[in-house]
Amino acid sequence: MKFDSLADRVRGRVLLPGDDAFTSSSKPFNDRYADIVPAAVLSVASADDVGTAIKWARENDVPLVARGGGHSYAGTSVNTGLVLDLRALADVHADPDTALVTVGGGTRMRALYEALRPHDITFPLGNSDEVAIGGLTLGGGVAAVSRAFGLTCDALVSTDVVLADGSTVTCSATENPDLFWACRGGGGGNFGVNTSFTFQARPVVDSATCLLLWDWDHAVDVLLVAQEIQRTAPDALSLRIGLTSGGVVSVVGWHLGSADELRALLGPLTATRPFRCDIEDRTYWEAVEYVHHETAGGAFAGRTRTTSVPLPEEAVRTLVTAVGKWPGSGNPDGGGAALFGWGGAINAVGVTETAFPHRDALFLVSLDTSWTSSDGPQVVRDNLAWLTALHEDIAEHTDNASYLNFTDPDLTDWRQAYHGPNLARLAEVKRRYDPDRFFRFSQAV
Ligand SMILES: Cc1cc2nc3c(=O)[nH]c(=O)nc-3n(C[C@H](O)[C@H](O)[C@H](O)COP(=O)(O)OP(=O)(O)OC[C@H]3O[C@@H](n4cnc5c(N)ncnc54)[C@H](O)[C@@H]3O)c2cc1C
């Protein structure tokens with residue numbers, strides 16, 4: 001059989017449909033893509049396996065895609081050829097003297113936090129256990145602490161990449177700097193397979209968190225007041241302002257300071273009488289747990305835009321009205337909108353300094369919808385139409401910019417929206433490191 005010749009050349013296991021672990025190492029997190037099943041999965045055992053598999057895939061004309069945590073919104077880590085499951089590349093080494101942290105290219109968030117915690121050092125990471133470092137970093141990586149500490153990719157110091165010819169290069173500010181530039185926000189799966197990443201970490205900071213909830217009739221006021229708080233707040237404070245189709249308005253926040261400071265910053269919001277208002281001191285690690293996000297999965301779609309100023313009342317009303325009219329699905333809380341506080345340290349880096357271009361945003365406006373396997377095609381169509389209409393309706397109040405890591409397969413002008421002024425340079429890097437476009441997917445550079 002074709003894949004036997006791969007199995008003979010690697011240390012990792014080649015899995016075929018029906019094998020134990022085949023599904024867990026290849027099924028996309030987003031069930032919208034559950035029908036895409038690879039011909040085989042290689043659970044790589046070492047970085048060498050990656051180079052060997054790429055050479056084998058070339059010789060045998062088999063499309064290959066890397067999979068970290070499988071959390072791509074658009075299912076870009078699964079194909080019908082060979083999936084490279086990187087999850088065994090999960091060694092984490094933290095140097096207590098330099099706070100440099102080297103992690104395997106498939107390391108997932110839970111393991112990474114656990115490895116950092118004994119050293120009381122950190123860098124911006126995602127808030128979901130199974131998201132992996134590869135996709136997160138290569139697409140930028142935004143955390144609740146990013147307004148103070150920057151993006152995940154801003155903390156990147158160097159990375160080892162297996163290129164389209166199977167060779168390995170290290171890139172950093174001084175070695176292959178153009179590839180290093182592209183690895184900081186240009187998007188996973190484009191330039192090679194990153195087998196390890198080294199980050200500059202920093203000491204953790206005692207924190208405070210908040211969770212405030214309101215009934216729906218407060219929605220417009222809360223959005224207006226909370227945006228203004230975020231606009232004028234120190235970089236230590238980051239808010240996520242949410243509306244869900246279940247009829248709840250929420251503000252979740254992380255402040256790198258005390259609960260007393262946080263209470264003072266939130267004064268105008270607490271005055272609007274939330275039905276729940278928890279504001280508490282936390283250690284850094286307690287705050288990580290507090291903003292930790294578990295999602296039931298299912299099938300979902302998300303669309304984003306950025307804005308460099310608070311949304312005006314007209315746009316806020318548009319959001320509130322649309323979420324109130326979410327068409328429904330088997331997931332009762334399945335539709336929503338959220339404003340993620342960006343800016344601060346994210347914007348201290350120039351637009352062209354890294355491939356991540358959104359260096360003037362104050363908020364990421366994220367719109368999402370979800371459904372279950374028991375929903376019929378009409379429900380899915382209605383949900384996607386709702387999402388598209390809302391994305392269009394807020395266009396005049398937002399920038400034509402979208403966050404590549406909340407990948408939107410239905411975005412037509414994705415080149416501009418994801419990459420902005422960095423597109424031409426990304427295309428140059430692609431030509432240089434992957435001239436025959438071995439790494440391909442629908443929204444590849
Ligand atoms: C529940 C959930 C929570 C999230 N939370 C956050 C968050 O807090 N902050 C944030 O910024 N984003 C967040 N995201 C978005 C997330 O950053 C992206 O979905 C990211 O691409 C996931 O990375 P992954 O490795 O898990 O996914 P995968 O689907 O495995 O990979 C995504 C893409 O990157 C490529 N890739 C993966 N690893 C490598 C590698 N080592 N080398 C080269 N290419 C690689 C894949 O081929 C694919 O194209 C979240 C997504 C979900 C579903």
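What percentage of contacts in the protein chain between residues at least 6 apart in sequence join residues at least 24 apart? In this predicted model, the share is 72%.

**Figure 1. Overall fold of the protein chain in the predicted model.** The chain contains 14 helices and 18 strands. Its radius of gyration is 22 Å, close to the 22 Å given by the globule rule for 445 residues, so the chain is as compact as a globular protein of that length. Along the principal axes, the C-alpha atoms fill a box of roughly 65 × 55 × 40 Å. Of the 445 residues, 52% are buried.

**Figure 2. Close-up of strand β12 with its partners β15 and β14.** Strand β12 comprises residues 207-215 and pairs with strand β15, residues 276-282, in the antiparallel sense over 7 bridges. Within this pairing, S207 stands opposite R282 of β15. Strand β12 also pairs with strand β14, residues 248-255, again in the antiparallel sense, over 8 bridges. Here T209 has W254 of β14 as its bridge partner.

Notes. Residues are numbered from 1 along each chain as its sequence is written. This is a predicted model: local features need pLDDT of at least 70, side-chain atom pairs count only at pLDDT 80 or more; totals for chains, interfaces and linings use all residues. Helices (H or I, at least four residues) and strands (E, at least two) are DSSP runs, numbered from the N terminus. The radius of gyration is taken over C-alpha atoms; the globule rule is 2.2 Å times the number of residues to the power 0.38. A residue is buried if 20 or more other C-beta atoms lie within 10 Å of its own, exposed if 12 or fewer, and partly exposed in between; C-beta atoms are placed from the backbone. Two residues are in contact if their C-beta atoms, placed from the backbone, lie within 7 Å. Two strands pair if DSSP finds at least two bridges between them.
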